[in-house]
Amino acid sequence: MENVFELNHPLITHKLAILRDKHTGTKEFRELIGEISQVLIYEALKDAELDEVEIETPIQSMKTGKLNEDKYAFVPILRAGMGMLDGVISVIPNAKVAHIGMYRNEETFEPVNYFFKVPKDIEKREVIIIDPMLATGGSACDAIELLKSKGVTKIKVLCIISAPEGLEKVYKEHPDVKVYTAHIDEYLNPNRYIVPGLGDAGDRIYGTK
Ligand code: PRP
Ligand code: URA
């Protein structure tokens with residue numbers, strides 16, 4: 001799928017091995033989510049256009065490029081997406097933040113939307129959805145639709161672990177949206193959890209189970 005970009009780096013495999021391990025505690029789990037999110041946002045902004053600026057180094061002046069941070073907004077899908085926010089904000093500190101509250105109904109596996117709050121000028125920004133898990137793709141697709149209904153045209157999704165089924169759904173419904181993922185796993189189990197995955201991301205970030 002041409003809209004999917006997977007990080008392919010031995011250090012990411014190493015970090016994911018610690019993240020996935022069921023013996024890894026909340027503190028280390030949060031730190032790793034933050035660290036991998038930083039790498040994902042670097043990857044997702046490989047195509048960023050820079051403004052030409054002139055600066056002076058201690059040696060001489062030079063023409064170079066700077067990012068207009070006002071062009072971006074991050075959208076964590078609550079709850080687990082909040083775990084990625086510090087990581088991406090540390091890279092683009094002036095980006096605005098929108099919030100989408102969603103949880104998966106445990107019987108139907110369909111996402112249920114309970115909160116949606118976006119900055120006024122959201123349609124002028126490149127919007128980057130953040131959520132550690134892309135399983136069936138239902139939450140990501142609903143989030144994309146909510147944002148498109150507000151006039152947003154440039155949308156990317158960052159996720160730590162994704163399933164092929166969910167990536168296919170996002171591609172079918174929103175071929176214009178690029179997805180950046182640290183790893184594409186194997187499949188979804190009957191409870192629509194990613195296999196081998198890392199379990200329930202929200203519970204592991206917040207220590208709720
Ligand atoms: C998880 C995850 C995604 C969603 C992915 O959230 O953070 O939002 O499931 O599943 P999908 O691709 O099948 O829609 P969850 O429902 O566990 O809520 P939480 O973040 O509040 O724990
Ligand atoms: N949500 C999670 O937190 N983990 C999964 O594997 C699937 C959905």
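Analyst: A polar contact is a pair of N or O atoms within 3.5 Å; within protein, one must be able to donate a hydrogen and the other to accept it, and residues adjacent in sequence count only if both atoms are side-chain atoms. In this predicted model, a polar backbone atom of Gly199 lies 2.8 Å from a nitrogen atom of ligand 2. Oxygen atoms of ligand 2 also lie 2.8 Å from a backbone N or O atom of Ile194 and 2.8 Å from a polar backbone atom of Ala201. Of the 240 Å² of accessible area that ligand 2 has on its own, the protein covers 89% (Shrake-Rupley method, 1.4 Å probe; for residues, only the protein chains shown count as cover).

User: Which residues are around ligand 2?

Analyst: A residue is near a molecule or strand if one of its heavy atoms lies within 4 Å of it. Around ligand 2 these include Arg104, Met133, Arg192, Tyr193 and Asp200.

User: Which residues come nearest to ligand 1?

Analyst: Of the 15 residues around ligand 1, the nearest are Arg104, Asp131, Ala135, Thr136 and Ser139. Arg104 is also listed around ligand 2. The side chain of Asp131 places an N or O atom 2.5 Å from an oxygen atom of ligand 1, and for the side chain of Thr136 the distance is 2.6 Å. A polar side-chain atom of Arg79 is 2.9 Å from an oxygen atom of ligand 1. Ligand 1 exposes 500 Å² when taken alone, and the protein buries 90% of that.

User: How should I read the pairing of strands, and which strand does β6 pair with in the parallel sense?

Analyst: Strands (E, at least two residues) and helices (H or I, at least four) are DSSP runs numbered from the N terminus, and two strands pair if DSSP finds at least two bridges between them. Strand β6 (residues 99-104) pairs in the parallel sense with strand β4 (residues 72-78) over two bridges; Gly101 is the bridge partner of Leu78. Strand β7 (residues 111-117) runs antiparallel to β6, joined by six bridges, with Met102 partnered by Asn113.

User: What lies between β6 and β7?

Analyst: The two strands form a hairpin with six residues between them, and Phe109 in the turn has a positive phi of about 65°.

User: Which conventions apply throughout?

Analyst: Residues are numbered from 1 along each chain as its sequence is written, and chains are lettered from A and ligands numbered from 1 in the order in which they are written. Local features need pLDDT of at least 70, side-chain atom pairs count only at pLDDT 80 or more, totals for chains, interfaces and linings use all residues, and side-chain values use heavy atoms, with hydrogens and water left out.
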